[in-house]
Amino acid sequence: MLWSATPDGAIDYCNARLLEYSGLSAENIMDGGWVNLLHPDDREPTAQIWMRCIATGEPYTVEVRQFHVADHTHRWVLTTALPLRDADGRIVQWYGSCVDIHDRKSAEQALHTSERKLQAIIEAIPALVWSAHADGSADFANQHYLDYVGTRMEEMAGWGWTAAVHPNDLPAMTEDWQRIFASGRAG
């Protein structure tokens with residue numbers, strides 16, 4: 001979906017795809033009517049960002065919920081615009097696009113929710129849970145593990161976990177990690 005605006009930020013062109021997507025006419029979008037495309041909660045903050053970009057000439061990038069006429073919902077859209085400048089550096093026109101990113105945002109939210117649930121499960125397990133990179137450097141330990149060892153994750157990260165291993169056991173354990181890492185197979 002493409003659009004353009006005058007140097008002062010008034011929308012002066014919308015392509016057919018933008019009009020089809022929103023169900024609005026060009027007249028309803030021109031000038032400041034474009035805010036009517038947005039979810040009511042996004043209108044004011046988005047307009048403020050647009051006005052700041054108009055004043056500074058910096059590129060405009062926002063992720064907002066825009067009305068989609070086909071299913072009568074607001075879908076996430078990435079809206080960007082760049083200024084076209086004349087030889088003296090003055091802005092003569094803004095050119096922008098809107099890309100529907102709703103499916104990506106939904107997938108990101110589902111992933112975030114799944115990660116939170118997994119984290120809650122891992123923390124609820126009454127066991128010492130940890131993970132490491134293939135080379136043996138630690139990247140995670142649950143709270144039960146940290147409490148058992150008496151340390152914080154910042155201290156366990158990387159090779160810090162070796163401080164919790166008895167010095168007599170460390171050489172054999174290090175050798176095992178190196179052998180497993182070199183073989184590319186699980187131990």
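Strands β4 (residues 73-85) and β5 run antiparallel and are joined by nine bridges; two strands are counted as paired if DSSP finds at least two bridges between them. Helices (H or I, at least four residues) and strands (E, at least two) are DSSP runs, numbered from the N terminus. The model is predicted, so local features need pLDDT of at least 70 and side-chain atom pairs count only at pLDDT 80 or more, while totals for chains, interfaces and linings use all residues. Residues are numbered from 1 along each chain as its sequence is written, and side-chain values use heavy atoms, with hydrogens and water left out.

**Strand pairing**

- β4 and β5 form a hairpin with five residues between them, and Gly89 in the turn has a positive phi of about 90°.
- Strand β5 (residues 91-100) also pairs antiparallel with β1 (residues 2-5), through four bridges.
- In β5, Tyr95 is the bridge partner of Ser4, and Trp94 is the bridge partner of Ala5.
- β1 is joined to β2 by three bridges, again in an antiparallel arrangement.
- Ala5 has Ile11 as its bridge partner in β2.
- The hairpin of β1 and β2 has five residues between the strands, and Gly9 there takes a positive phi near 95°.

**Nonpolar cores**

- A nonpolar core is a set of buried Ala, Val, Leu, Ile, Met, Phe, Trp, Tyr and Cys residues joined through side-chain atoms within 4.5 Å; buried means under 20% relative accessible area, exposed over 50%, and partly exposed in between (1.4 Å probe, protein chains only).
- The largest core has 24 residues, and those with the most contacts inside it are Trp3, Ile11, Trp34, Trp50, Tyr60 and Trp94.
- At least two residues of this core come from each of β1, β2 (11-14), α1 (16-22), α3 (40-56), β3 (60-68), β4 and β5.
- α3 gives the most to this core, with four residues.
- Leaving aside residues up to four places away in sequence, Ile11 touches Trp3, Ser4, Ala5, Ile29, Met30, Asp31 and Trp34, where contact means heavy atoms within 4.5 Å.
- A second, separate core has eight residues, including Ala138, Tyr145, Leu146 and Met156.

- On a 1 Å grid over the protein atoms alone, a cavity is a set of points where a 1.4 Å probe fits but cannot get out, a pocket is an open set with protein on both sides within 12 Å along at least five of seven lines, and lining residues have an atom within 4 Å of a point.
- Grid points are joined across faces, edges and corners, and a volume is the space filled by probe spheres set on the points.
- One cavity of 30 Å³ or more is found in the whole structure.
- The largest cavity holds about 160 Å³ of space; of its 15 lining residues, Trp3, Trp34, Leu37, Thr79 and Cys98 are the closest to its centre.
- β3 supplies the largest share of this cavity's lining, four residues.

- The largest pocket holds about 190 Å³ of space; of its 14 lining residues, Trp130, Tyr145, Met156, Trp161 and Val165 are the closest to its centre.
- Two or more lining residues come from each of β6 (130-132), β7 (138-141), α6 (153-156) and α7 (170-183).
- β7 makes the largest contribution to the pocket lining, three residues.
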